[in-house]
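Good morning, everyone, and thank you for making the time. I would like to walk through a few side-chain contacts, so please keep the view open while I talk.

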Amino acid sequence: MEGWDPNTKSTLTQIPLLTTKAGPRDGPAWTQRLKEEYKSLIAYTQMNKSNDNDWFRISAANPEGTRWTGKCWYVHNLLKYEFDLQFDIPVTYPATAPELELPQLDGKTQKMYRGGKICLTVHFKPLWAKNCPRFGIAHALCLGLAPWLAAEIPILVDSGMVKHKDDAATSAES
């Protein structure tokens, strides 16, 4: 964690670490891992809300907890830009991090793979590997998606690749 800004360090230390090393194929151990994932996500969400930094909502889209969907948003120039968020838990989880997808942004930036998967290879994947199995979904959002949104959304907005929903509605009415 050397070289990280104090805010990132503080946030990361408040997200509970996970202990169960289990993936979707591990039966009861996966159920235990999912419980830990939920506890970690709840703690991260509560911390964000208490710091007036609420920026996502996600939930498992299936009972097995292998498909997740939700919304994430970023405020730029006092306007809120909201995006669909989805990802699947890989069968090799937690050794492999989930690939976070923002389908609405597919093809709008070079820092994205086909299907709207955000690029996390250079900075995040080595960090995930080093901290396996202690990192979970909340850590992927905190250290993967949040910095990606902060780096990419202002550029996409300023270049006109992403329009605010009110701007899009106004131009459609014209």
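**Rings, a cysteine and charges**

Let me begin with the aromatic cluster formed by Trp30, Tyr93, Phe124, Trp128 and Phe135. Before going on, please note that this is a predicted model, in which local features need pLDDT of at least 70 and side-chain atom pairs count only at pLDDT 80 or more, while totals for chains, interfaces and linings use all residues. Residues are numbered from 1 along each chain as its sequence is written, and side-chain values use heavy atoms, with hydrogens and water left out.

As for the rings, those of Phe, Tyr and Trp (its six-membered ring) pair if their centres lie within 6.5 Å, and planes under 30 degrees apart count as stacked, over 60 as edge-to-face and the rest as tilted. By this rule there are eight aromatic pairs. One of them joins Tyr38 and Trp68, whose centres are 5.5 Å apart and whose planes stand at 45°, so the pair is tilted. Because Tyr38 belongs to helix α2 (residues 28-50) and Trp68 to strand β2 (residues 67-76), this pair ties together parts that are 30 residues apart in sequence; helices (H or I, at least four residues) and strands (E, at least two) are DSSP runs, numbered from the N terminus.

Tyr38 is partly exposed at 36%, whereas Trp68 is buried at 0%.

Turning to Cys119, the UniProt annotation "active site", from an unreviewed entry, covers this residue; such annotations may be inferred rather than shown by experiment. Cys119 lies in the loop between β5 (117-118) and α3 (124-130), and it is partly exposed, with 26% relative accessibility. Leaving aside residues up to four places away in sequence, Cys119 touches Lys111, Met112, Tyr113 and Trp148, where contact means heavy atoms within 4.5 Å.

The whole structure has seven of them. In one, Lys111 meets Glu152, with the closest N and O atoms 3.4 Å apart. Since Lys111 sits in the loop between β3 (79-88) and β4 (112-113) and Glu152 in helix α4 (residues 137-158), the pair ties together parts that are 41 residues apart in sequence. Lys111 is partly exposed at 45%, while Glu152 is buried at 5%.

How values were computed. Buried < 20%, exposed > 50% of the residue type's maximum accessible area, 1.4 Å probe, protein only. Salt bridge = Lys/Arg side-chain N within 4 Å of Asp/Glu carboxyl O.
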